Amino acid sequence: MAKDKKEITSVELNGKTVTVHAGPVGVYRTAGSVAFDIFNYLVIGLVAFTTVLPIIYIIFNSFATELELQTRPMFLIPNTWSVDAYKYIFASSKLLRAFGNSIFITACGTAINLFFTVTMAYPLSKKFLRGRKGLLNMVIISMFFSGGMIPGYIVVASWLGMRGTYWALLLPGAISAYNMMIVKNFFQGIPQDLEESASLDGCNDMGILWKIVLPLSLPVLATFGLFYAVGHWNSYFGAMIYLTDDKMYPLQLILRNIIVTAEAAAGDMSLMDPNFVEPPKESIKMAVIVVATVPIMCVYPFLQKYFVKGVMVGALKG
Amino acid sequence: MSVRAADHPGIQPKKTSYWGKLGKDILKNKWLYIMLIPGVIYFLVFKYLPMWGVIIAFEDYSPFLGPIKSAWKGLYWFQRFFSTKKWVDYLSNTLILSFMSIIFTFPAPIILALMLNEIRSIHYKKITQTLLYVPHFISIVIVVSITYVIFGAGGIIYKVTENLLGHSIDYLGDPKVFRWMIVGQSIWKETGWGTIIFLAALTNVDTQLYEAAMIDGANRAQRLWHITLPAIRSTIVLMLVLRMGSVLDTGYEHLILMSNALNRSVSQTLDVFVYQNGIKGGQYSYTTAVGLMKSVVSVIMVVSANKVAHALGEEGLY
């Protein structure tokens with residue numbers, strides 16, 4: 001690249017003039033160095049391509065006919081394109097309901113996460129607050145010690161009686177201590193003058209948070225909203241251990257049941273439809289994988305931008 | 001002031017107690033304290049109540065009697081665990097899987113980050129990074145589902161190995177390949193994402209160091225060894241300390257999906273044991289005891305890994 005080749009200085013070394021270029025590499029482009037670059041570019045490219053290859057494979061194969069999947073040994077691009085698997089999925093009340101459940105859980109869960117995280121982070125960002133140190137210690141200790149899987153399960157399922165309800169999926173992870181601390185640090189960085197002037201105008205702390213602090217924190221809220229939302233969309237374990245009614249199952253749990261425990265894709269179809277035919281199993285598996293991944297891939301450009309930022313902020317502050 | 005107070009014995013010098021000050025402060029900043037309520041309740045109920053709930057490890061916990069009325073058992077469950085002889089299997093399965101993952105999945109992002117760091121074309125770097133981060137956002141259920149579709153009987157990799165070797169490999173059932181599958185899935189899912197923290201550390205390296213080294217005639221390998229690696233050394237040590245703390249955590253959400261009747265001899269780690277006998281089997285006290293031992297070992301591991309880090313002259317975790 002031309003920019004990299006920019007000459008920044010020339011020095012005399014052992015009688016010969018050496019030109020130093022900007023950038024980490026530049027003085028002597030030895031044959032070994034060039035060979036390494038070619039090798040490095042190739043390997044990185046190959047690794048990146050292999051990383052997404054399984055996903056590309058699944059997407060293409062989900063559009064193949066069941067016959068082709070059964071008979072043709074191996075292929076990436078199908079000969080005959082078909083959307084039968086998708087038609088089947090969108091005709092299956094079970095899968096559609098699961099999709100709706102996942103959207104519901106993700107939306108409610110993320111709203112609860114943001115509410116709890118912000119309402120706790122804002123008071124803790126005020127250095128004059130009494131008891132602040134103690135509360136911060138309480139949060140930090142919980143990051144390093146936990147009761148473990150079973151006591152946590154007993155508290156939620158039995159002592160709080162949340163078994164079989166969505167509360168068991170929404171509340172136990174309402175605050176991620178780590179995210180809350182980062183949001184708190186961000187609030188601390190907002191100039192106090194702004195808040196004070198609002199306070200003189202007769203705004204109480206709730207009003208200041210809502211009208212001044214939150215509008216200034218939109219990028220941070222977007223980052224952690226996405227963090228939480230992806231967590232909800234992708235989780236299956238809570239639903240598996242707490243939910244009792246399979247009508248309430250989210251998509252990830254249904255996917256696990258279809259593929260991992262090889263349950264019939266849509267048990268209720270055979271009962272409803274007298275002309276029920278055996279579903280095209282392989283292509284359905286692939287199509288369900290695609291349907292469960294599409295929402296994540298739709299928000300991926302935003303995810304990448306904000307998530308990398310979030311990780312960086314955490315890495316610097318932590 | 002004191003003179004005036006002495007003149008009027010009815011008025012004591014102001015010496016408000018901590019609680020008095022807190023009360024005044026609460027009245028003054030009532031909204032801040034009200035905002036704290038949901039978060040504090042959350043931490044007490046979902047983080048600290050389970051910690052107290054660990055008490056059932058020393059009882060014969062019955063859900064009907066509750067943790068206070070259940071019969072006291074002392075160290076019975078701990079003794080029982082060590083008398084089963086199976087505990088050696090659980091522990092060795094846990095440790096082998098964990099150390100395999102440390103040996104193979106821990107260095108992977110470091111190597112990839114170093115390779116990405118050598119790429120000078122910003123566009124090429126951006127594109128490959130975008131592809132490499134994708135699997136991080138894919139749920140573990142989908143990762144396992146893709147594995148089932150690709151490696152299962154009839155899957156593309158299954159067919160390829162059948163053609164190459166002349167016999168098929170039962171990727172999903174064979175205990176010999178189980179651990180490699182888990183490690184492979186983890187590498188695929190998290191390597192790209194894991195590079196972020198190291199790349200962030202690498203951006204802090206002073207480019208003048210490279211220029212000075214080039215003038216001194218250091219070649220690329222020498223610059224990597226003497227400048228780049230020392231720059232991320234503390235990040236590597238910190239990540240390793242954190243990883244050692246979870247040496248007994250084997251990612252049960254992942255393992256549960258991959259374990260089946262055929263690979264039980266290697267897939268039964270401490271986590272999976274706790275899940276299967278606790279949440280599925282209802283032996284709450286027994287599995288809480290096992291979980292408690294795990295937590296104790298984790299704390300010991302973090303503390304000793306941190307000591308080692310200090311001995312190596314690094315900052316470590318605290």
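Visitor: How many helices and strands does chain A have?

Guide: Helices (H or I, at least four residues) and strands (E, at least two) are DSSP runs, numbered from the N terminus. In chain A there are 16 helices and two strands. This is a predicted model, in which local features need pLDDT of at least 70, side-chain atom pairs count only at pLDDT 80 or more, and totals for chains, interfaces and linings use all residues. Residues are numbered from 1 along each chain as its sequence is written, while chains are lettered from A and ligands numbered from 1 in the order in which they are written.

Visitor: Into which domains is chain A divided?

Guide: Domain bounds come from an automatic or database domain assignment. Here chain A has domain 1 (7-85) and domain 2 (91-317).

Visitor: How many residues of the two domains of chain A are in contact?

Guide: Two residues are in contact if their C-beta atoms, placed from the backbone, lie within 7 Å. Nine residues of domain 1 of chain A meet eight residues of domain 2 of chain A in this way. On the side of domain 1 that touches domain 2, helix 1 of chain A gives the largest share, three residues.

Visitor: What does the contact between chain B and chain A take from each chain?

Guide: It takes 74 residues from chain B and 80 residues from chain A. Helix 3 (residues 30-53) of chain B gives the most to the side of chain B that touches chain A, namely 16 residues.

Visitor: Of the residues of chain A, what percentage count as buried?

Guide: A residue is buried if 20 or more other C-beta atoms lie within 10 Å of its own. Of the 318 residues of chain A, 35% are buried.

Terms used
A residue is buried if 20 or more other C-beta atoms lie within 10 Å of its own, exposed if 12 or fewer, and partly exposed in between; C-beta atoms are placed from the backbone.
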